[in-house]
Structure formats: C-alpha cells, structure tokens
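I opened the notebook on this model to look up a few local features. My entries follow in the order I made them.

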Amino acid sequence: MATFIISAIVFAAMAAAAWYTFKAHKSGKCVGCSGCSGHCEHCTGTDKIHKS
Amino acid sequence: MSIKIALAGNPNCGKTTMFNDLTGSSQYVGNWPGVTVEKKEGKLKGHRDVTIVDLPGIYSLSPYTLEEVVTRNFLINEHPDVIINLVDGSNMERNLYLTTQLVEIGIPVIIALNMMDVVKKKGDVINVKKLSEALGCEVVETAAVKGIGSKEVAEKAYTMAQTKTRTVPQHSFGASVEKAIEEIGNLSRSFVPSEFARWYAVKLFERDSKVLEELHFTKEAQDQIKATIAACEAEADDDSESIITNERYNYIGKLVTKCLHKKNPGMTVSDKIDRIVTNRWLALPIFAAVMFIVYYVSVSWLGTIVTDWTNDTLFGEIVQPAVGSWLTAVGAAEWLNSLIVDGIVGGVGAVLGFVPQMFILFFFLSILEDCGYMARVAFIMDRIFRKFGLSGKSFIPLLIASGCGVPGIMASRTIENEKDRKMTIMVTTFIPCGAKLPLIALVGGAFFPGSPWVAPAMYFMGILMVIISGIILKKTRLFVGDPAPFVMELPQYHIPGAKGVLIHMWERGKAFIIKAGTVIFVACGLIWFLSNFSWSMQMVEQDQSILASIGHFIAPIFAPLGFGTWQAAVTTVSGLVAKENLVGTFGVLYGLADAAEDDPAMIGEFAALFTTVSAMSFMVFNLLCAPCFAAIGAIKREMGGWKWTLIALGYQTGLAYVVAFMIYQIGSVLVLGQAFGVGTAIAILLLAGILYLMFRSYKPKSEQSLKGARLEA
C-alpha cells in the first residue's frame, strides 16, 4: 500500500514537473536558464514577459 | 481607460531600474549600455490600467541600430500616451540630444532627470525650472537606483495622459532649415498622421532611409523633396543630416550652459579609477586578477566550504539517510527506495549541492556588473578582440553568457554586422555558464584538490577559445571582413546597491533551483529508470541496463578523448538536456549526494572512469561542445534557420573534440608518462593545423582578383 501511494505521488510529481516545463516553454514563462531573469521570452521566441 | 507609458532614454541611464521600481518586476539591470534590446512591458503598481513599457536605450531616433528601430517603431506605430524621457543628469549634454527629438514626435513628454544623487554628490547644480521652460515639458528630479522620484514622475505622466496634455517643442532650427522642413511638411501632410507631421518632415529632411521606404511618394513629390533638401544643403555647405545634428547640439550647448552649474570641471573619481583599470599595460593583469579571485573564492575556497557542508551534512548525513530509513520503515518496495534515494535525492541533490557556489559566483558577478567594472572589461577586450577580428561589442554577449548562454546569444542582436553577429553566436557558449559550474567544481574538487587554478582556468580557456575561433573564422570566406567599430559609453563607477545585487543574485540562483526541481528532477528519474532496467523491463545491475547498452554504443566516439566508458558517454549526452544534468547523472549513477567530491570512496569510483588527464579532457569537452537544448533553440532563432545552427553546433562540438583530444593524447604523454603513440602524433598534427589556421595569411578572393587585375594592367 505504501509503495502504491508513494510511487503515485512520485510519478505525479514527475508528470507535473514535465508538464510544467512543457507548458512554461510554450507560454514563454521562465523555466530557469540559470540567470536569464528577464530575457526568458527569448527562450520561446514569444514576446511575453515573465514577471517574478 | 488603459494608458500606455513608455520609458525612453540613452543606454544605461536607469530605465530598467525605474521600470522595476514602478512595476515591481525584476528585469535584468546591468551597469553597461545595451542590456535591454527589446521592449518589456509591466503594469504600474497601484494602477492596473497603466502599462509601463521599457524601451531599449538609444542615443537618437536615427535608423542605424536595431535598438533605435525598435524604439522609434514603437513610438510611432503604437503611439504611447506619454513618454517618460530619462535624462542622465550627470551627462546632460549627450542625453538631451534624444530629448530634442522626442519632443518633436507629438507625444506628451515628461523628463525624469535621473541620477540626481550623483549630480548632487559631485556638487553640481541643475536649474530644473529653466530646463523645463526651455524644453517645453515638465522635469522631475529622480534617482531611480534609490527609488527617489520614480513614483512622482509616473503619477505626473498618468495625469498628463488623462488630461491629454500636449508637449510643444520650444526649439527651432535656423530659418533656411525651418523653411525646408515646412515645405517638406506640406508635401508629406497627406501621407502621415498630423501629430507626427513635424517629426516625419525632419526625418525626410535628414534623408532617413526607413521613413523614405515607409512613405510611398510619387516621383514628382520625391523630386521636390530632393530639390528642397539640396537647396538647403547648398546654402549651409553641409549635408542635411549634419545640419540637423549641428543645430541640435548648438541648441543643447546653450541650454546646458544656462541650466547647469558644474562645481568641479576637472577629473572625476571614475576618471581617476579608469586611468588605472583601463591602463594600456595594467588593464589585462587587473582583469585576470579580478576574475581569478572571483572564481577562486566562489568555487575553490568559500564555495567549497559551503558546498561540502551541503553535500556531506545536509544531503549525505541528513536528507538521504532520513528518506531511506523512512521508506524502509513504511515498507516501501526496494525499487521505490532506490528510485527516490539514488535517483531523485541522489541526482537532484547532487545538483542542489552546488547551489551555494553558484550563489557566491553570481553575487560577485553582480557586484562587478553593477559597479561599472564589466563595462570597462568590454572596452579593454575591444583592444584585444580587434586584433583577432572581433569587436568589443562581441564581449557583451560573453559577459552575459557567464550567467546563462541563452540571454548571451540573444544579446548578440545588438551587433549590426551580420558576419560578426553570427560568429559571436557561435562562440558565446564557450564561456562557462552557471550551469557548467557544478561540473567544474566536481571535477576540480575530485581530481585537482587544493588547486585554485582550475575554475579560473576554465573561464580563461573559454575566452581563449573565443579568441582562437575569432582568428580562425575571420580567415574563412564565411566571416572575412574588418570588425565593426565599437563605441561604448563608460558609465560612472558607483558602489553597488545591496538590494540590486541581492535581487540579481537571487534571480539567477532561483532559476537554477527551479530547473533542479523540474527538468533535472524528471531527467534524474529517467536516468534512474534507464540505469536500473533492462530492455525486457527487468530490474538489473547498471552494467546490464538500457542506459549501459546505449552508452556502450556511443562510448567508442569518446574513447580517443580518454573517456570511452558507457557512464561518461551517457553523462555527456545527458548534458544536452541541461548542463547541470552532467552532475545530476553522475549523482544517479554514483550517488554523489551522499559523498563529497574529495571523499576517498567517490574518488575510487571516479578513478575507475578517469585519470587526471582524461578528467580534464572530459570537463573541457563538456564545457565547449554543443550547449543545452534551450541554448540550441536560441541559436536557431538568432541564426534564422537550421543551416547556420548546424554550422554553429558542428563547429562547437568539433572544436571541443579536437581540444579534448589534444589534452588527452598530449597530456597522457607529458603528465602521465605514457608512451608516444599514433594518437599523440595525430594530436600534434592537429595542434600544428590549428596554429596554421591561426597564423596563415588570408586575402579574400575579391581582393586577390582585384590585385591580379591591377598587376595585369
């Protein structure tokens, strides 16, 4: 039971992280380029701004 | 009613600082010109209906640079309700040149007389009332870096937008020029909006190519305009653009004399510092010393102390055992225990362990940028780069790339010369970005303990590779040509603001943590799966795993570089996802999070994979080869297609392979005392080839044929 619950949480977290990365790239939101802070829109070519 | 307010002004006059202050954003601010190359928008705090637009810094509204075109297109086409024109009060004469053009556009202008803290500190006095009367617009004293006056100027701009206050330019040109502008204005009246009529007329008088393209005059009208301009030029004995420029500066000169009282017209503190740090002989040693100290403190000394605690104590003694014990206690399956402890905590923890070093490095880089020293470095490097075919303008992207390659590549947009721009994009990622720092720290700590030179050496190797590439590529048909001229204003030195430095450091560091929690997290899970399961989906030893079979397949490619093991091969490939993944993958494969890089057990694991020479070769290859996918995407966008992207990636990976090959083959003989072999001979030949490409004389074909034609004649 513990294995089932914990693995479900872990896989859900992984799926969420993957989905976040995918969505963030698509929407122009920052996914962390180690220091872009403000130039993130150039990762995606969109003109949207990530506001911290 | 929605209101749009534009921030316009010279480069490095504090627009982005004011933008952040007004909108609560944390856009990148650097104390050198050209940080903002695209407009950015944000909502004014307390007024959700007001949009503030931060425009790139420009000196004029001429059509010569990308920043100028972006700014004037925005002003003319999107017609903001008000322009806040930031004027650097410590450098009024140059800044007002743009002001005289902005007030002509027909959009209400309010002046934020910025850097008044610097002006007052110098003891200078500006008569704001007289300045306001002479320019025909309101002037508000500000010091954006300290948050003084920003809100006041924004509130006044808001009121101006609501009351639709008009700005009427107070200065006029000489009689003959005014007559010509009026005649041109009459001809162009039906082609342009009435509020922009004067601006268009002046631009047409200047023979502005972009405006001429935009307005589709009849042949007759064009001829009339040409005749009007020619008559005025004949009278003034000068070209029309110079006539306007001279008249503007004459007007500004008189205005500044009337409004500004300088206390001490002699050398400023900045001038005195510059005499030393930009000195012909001292500049480079000082720069080398500064960067050595920055990397030594960040990576080797203070950074290592903090990182060792994070790795040994936090992850090694607390997190990993606690998670493992808890999972055992609740009866979780062994595979799940392995996934979480070895895969997730091991991989993500290995990356997070280097966060302290990264924060320290970003802290120092922020100070160097904010105080104004990095702008001097671009000036210093211009002198060196110029000899090798690049201009100092190419150094700005390299500066930014020390944080992340993506904005570095993007910053190359400011380079007008297409060949120089493409070449800069190709070499930008040679500078170690923040994501590569963990690799440097890991290899440096494990194989070169107590050697403070490793981290600074990797930074200087990046610069060296840029220079070597510049020399070699400039002697090819694709990139031949003189470097573009580089004009850069050196900002005043100032003591960095704690808030700005900490925000800058946090923004860069936070991005790293976000990435560890997303991309690296997923990648570590995947690496764990691939390294623990076979193709038949059975849990197996790593050597029989899917990852091992993939690694065995590609490992021979890296064998000549000294790291032909499957582990090193898959680690190198995983770096394409994100460079932090190099350490993350090692973390999963070897459980780095529970061992410091100087742990004997871990060195034992590593020693089976690498010698000191092959470790250096592995590190250099991964620092120079094709960057991560995000940077590859940026290269594709900036290069405008796959052809040049593949050329860039091919060059980067090819150069990385050759350099790593030489390090391993020659280093094995010189350092490890191995026998001279075929590989060593090939490495020496490659070295000779690189030296030949660097020192050969090259004349472009057109020049050769011209010379031949002359000889024949």
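**Entry 1**

Which residue forms a salt bridge with Lys422(B)? I found Glu418(B), with the closest N and O atoms 3.4 Å apart. I note at the outset that this is a predicted model.

I then looked up where the two residues sit. Both lie in helix α20 of chain B, which covers residues 418–428. They are 4 residues apart, about one turn of the helix.

I checked the cover on each partner. Lys422(B) has 12% relative accessibility, so I list it as buried, the cut-off being under 20%. Glu418(B) has 41% and counts as partly exposed.

**Entry 1: from α20 to α22**

Asp420(B) meets Lys474(B) in a salt bridge, at 2.9 Å from N to O. Lys474(B) lies in helix α22 of chain B, residues 454–474, and Asp420(B) in helix α20, so this pair ties together parts 54 residues apart in sequence.

Are the two partners buried or exposed? Lys474(B) counts as buried at 9% relative accessibility. Asp420(B) counts as buried too, at 1%.

I went to Arg207(B) for its salt bridge. Its side chain meets that of Glu233(B), with 2.7 Å from N to O. The pair links distant parts of the chain, 26 residues apart. Arg207(B) is in the loop between α8 (197–205) and α9 (209–214) of chain B, while Glu233(B) is in helix α10, residues 219–236.

Arg207(B) has 39% relative accessibility and counts as partly exposed. Glu233(B) is buried, with a relative accessible area of 15%.

I came back to Arg207(B) for its backbone. Its phi is near 60°, a positive value in a residue other than glycine. I flagged this because most residues other than glycine have a negative phi.

**Entry 2: the salt-bridge tally**

How many salt bridges are there over all chains? The count comes to 18. I also noted a network of salt bridges that links Glu138(B), Glu152(B) and Lys156(B).

**Entry 3: Asn12(B)**

I looked up another positive phi. Asn12(B) is not a glycine, yet its phi is near 60°. Asn12(B) lies in the loop between β1 (3–9) and α1 (15–23) of chain B. Its relative accessible area is 17%, and I list Asn12(B) as buried.

**Entry 4: strands around β3**

I moved on to strand β3 of chain B, residues 47–54. This strand is mostly covered, with 6 of its 8 residues buried.

In which sense does β3(B) pair with β1(B)? The pairing is parallel, over 5 bridges. Within it, Leu7(B) stands opposite Asp54(B) in β3(B).

I then checked β2 of chain B, residues 40–44. Its pairing with β3(B) is antiparallel, over 5 bridges. Here Lys40(B) stands opposite Asp54(B). I noted that Asp54(B) therefore has a residue opposite it in each of the two pairings, by the pairing rule I used.

β2(B) and β3(B) form a hairpin with 2 residues between them. Gly46(B) is in the turn and has a positive phi of about 85°.

**Entry 5: a nonpolar patch**

I searched the surface for nonpolar side chains. One patch brings together Phe292(B), Ile293(B), Tyr296(B), Trp301(B), Leu302(B), Ile305(B), Val306(B) and Trp453(B). Together they have about 730 Å² of accessible area.

Which helices each supply at least two residues of the patch? They are α13 (283–300) and α14 (302–329) of chain B. I looked at Leu302(B) in particular. Leu302(B) is in helix α14. It is partly exposed, with a relative accessible area of 33%.

**Entry 6: domains and a record**

I looked up the division of chain B. Domain 1 is 3–163, domain 2 is 175–237, and domain 3 is 283–554 + 563–649. The C-alpha centres of domain 1 and domain 3 lie 37 Å apart.

Last, I turned to chain A. An unreviewed UniProt entry places a "signal peptide" at residues 1–17 of chain A. In the model, this stretch is 94% helix and 0% strand. Its end C-alpha atoms are 24 Å apart.

Terms used:
Residues numbered from 1 in each chain as written. Chains lettered and ligands numbered in written order. Predicted model: local features only at pLDDT ≥ 70, side-chain atom pairs only at ≥ 80, totals over all residues. Heavy atoms only, no water. Salt bridge = Lys/Arg side-chain N within 4 Å of Asp/Glu carboxyl O. Buried < 20%, exposed > 50% of the residue type's maximum accessible area, 1.4 Å probe, protein only. Domains from an automatic or database assignment. UniProt positions renumbered as here; feature names shortened; annotations may be inferred. Patch = residues over 30% accessible without salt bridge, like charges linked within 9 Å, V, L, I, M, F, W, Y side chains within 5 Å. Areas by Shrake-Rupley, 256 points an atom, 1.4 Å probe, with all protein chains shown as cover.
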